[in-house]
Amino acid sequence: MAHAWKACVRKDSRVRISPPPHFDKFNTLSKRDMPNKQFLEEYPLYKKFSFEIEKLGRGMYGITLGTVLVKLPKPAINMHCPICKSMQTFNMVGEYYDDINKKRESSPAFLSFQLNYFCSSCKTNHYEFFIDFGVNRTIDKDKNEVWSNGWVRKIGQRPEWSIEVDKQLQGFLSSTNTELFKRGLVCESQSYGIGAYSYYRRVTEAILADLLVEIETLVPEGKDKVKYTVALEKTKKEIVASNKLALIKDLLPSDLLTEGYNPLDVIYSAISDGLHNWTDEECLDISEAIRKCLEFLVVKVYVNKAAKKNFTAGMKRLLSGKFKK
Ligand SMILES: [Zn+2]
């Protein structure tokens with residue numbers, strides 16, 4: 001099977017191609033521990049994150065059981081502060097139940113919230129997140145309402161999700177491809193997965209040949225380099241991007257794996273199968289994986305080039321000093 005990703009069957013019996021766990025990191029987090037740092041920092045608007053919301057009930061001594069506002073976490077987050085001009089910790093100010101219509105022991109289901117986060121350093125700059133919670137409601141055979149498949153999503157944020165293309169990636173892209181990539185980011189920020197996938201795929205296909213040439217500089221000298229160079233020559237005769245990748249993806253040096261995943265293999269899996277009948281949500285996961293793999297590889301190439309440049313400059317200085325004596 002060509003997929004590096006496992007096909008798994010969800011409760012609704014639709015077959016879904018899941019991105020590798022590295023990219024699907026939200027799935028590894030507790031479904032009770034929401035909203036969390038990554039959700040606030042990175043998640044695009046409207047994408048629902050499953051979050052188990054237990055229906056309110058009465059326990060012994062009148063204690064409220066279930067998911068209540070007072071127990072929702074208020075995680076500190078790291079965001080860029082334009083006043084401090086650096087990454088800073090931002091803390092949530094206020095409570096989920098500050099609103100007059102909400103109580104400490106209200107359920108978050110079917111409610112929306114504005115979360116205000118202030119920079120812990122300048123105490124001035126702030127971010128606002130608008131989130132809402134929901135569940136599926138069904139009636140069981142005893143005519144009781146049952147809650148399942150709870151979720152939380154962002155419905156707005158200020159300032160809005162950055163659609164700036166990573167600087168190093170931008171240095172690698174032509175102006176046309178930068179524009180296409182930016183459109184991919186816009187789609188991703190709005191959870192238009194099919195759109196994001198299409199734009200990222202187009203950019204990947206456009207830059208792949210150059211990227212594979214650049215990656216050659218990262219392969220250590222020796223047997224592996226020879227193999228890579230031979231495969232690289234073969235890729236030049238292929239027109240289709242996935243065929244190019246099939247020839248070379250397994251020759252990536254091990255230090256270019258990211259948390260055990262081969263980024264070329266991930267990109268290959270993402271673009272070799274076409275859109276199929278993937279939903280917007282599924283395309284969104286895959287788009288995120290493509291974007292992160294491209295950024296990862298380009299940054300590696302960039303860092304390697306910068307290191308070589310510094311090394312050469314350093315050597316030149318050293319040698320010129322030596323020979324001057
Ligand atoms: Zn600040």
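Axes are lines fitted to C-alpha atoms, for helices over the stretch in contact, and angles run from 0 to 180 degrees between N-to-C directions. The views below come from a predicted model.

**Figure 1. Helices H6 and H7 pack against each other, with axes that come within 9 Å.** H6 covers residues 241-248, and H7 covers residues 263-272. Their axes cross at roughly 150°. Angles over 145 degrees count as roughly antiparallel, and H6 and H7 are therefore roughly antiparallel to each other. The crossing of H6 past H7 is left-handed. From H6, the contact draws on Ala241, Ser242, Leu245, Ala246 and Ile248. From H7, Leu264, Ile267, Tyr268, Ile271 and Ser272 take part. Of these contact residues, 8 are nonpolar and 2 are polar, with no charged residue.

**Figure 2. The whole chain gives the setting for the close-ups.** The chain has 325 residues, and 29% of them count as buried. Its secondary structure comes to 8 helices and 10 strands. Take the contacts between residues at least 6 apart in sequence: 59% of them join residues at least 24 apart.

**Figure 3. Strands E6 and E7 form an antiparallel hairpin.** E6 spans residues 77-81, and E7 spans residues 86-93. The two strands are joined by 5 bridges. In one of the pairings, asparagine 78 has threonine 89 of E7 as its bridge partner. Between the strands of the hairpin lie 4 residues. Lysine 85, in this hairpin, takes a positive phi near 55°.

**Figure 4. Phenylalanine 90 sits in strand E7.** Is phenylalanine 90 buried or exposed? Phenylalanine 90 has 24 other C-beta atoms within 10 Å. The cut-off for a buried residue is 20 or more, so phenylalanine 90 counts as buried. Residues up to four places away in sequence are left out of its contact list. Histidine 126 is 36 residues away along the chain from phenylalanine 90, yet their C-alpha atoms are separated by 7.7 Å.

**Figure 5. Two proline residues follow cis peptide bonds.** Proline 35 lies in a loop, between strand E2 (15-17) and helix H1 (37-42). Another cis bond joins arginine 158 and proline 159, with omega about -10°. The loop that holds proline 159 runs between strand E10 (145-158) and helix H2 (167-172).

**Figure 6. Tyrosine 46 has a positive phi in a loop.** Its phi is about 70°, although tyrosine 46 is not a glycine. The loop lies between H1 and strand E3 (49-50). Tyrosine 46 has 16 C-beta neighbours inside 10 Å, so it counts as partly exposed.

**Figure 7. Serine 191 has a positive phi between two helices.** Serine 191 is not a glycine, but its phi is about 65°. Where is the place of serine 191? Serine 191 is in the loop between helix H3 (175-189) and helix H4 (193-216). With 21 C-beta neighbours inside 10 Å, serine 191 counts as buried.

Terms used
Residues numbered from 1 in each chain as written. Predicted model: local features only at pLDDT ≥ 70, side-chain atom pairs only at ≥ 80, totals over all residues. Buried ≥ 20, exposed ≤ 12 C-beta atoms within 10 Å, placed from the backbone. Contact = placed C-beta atoms within 7 Å. Pairing = 2+ DSSP bridges. Parallel < 35°, antiparallel > 145°, perpendicular 65-115°, else oblique. Left-handed = near helix turned anticlockwise from the far one by under 90°. Nonpolar A, V, L, I, M, F, W, Y, C, P; charged D, E, K, R; others polar.
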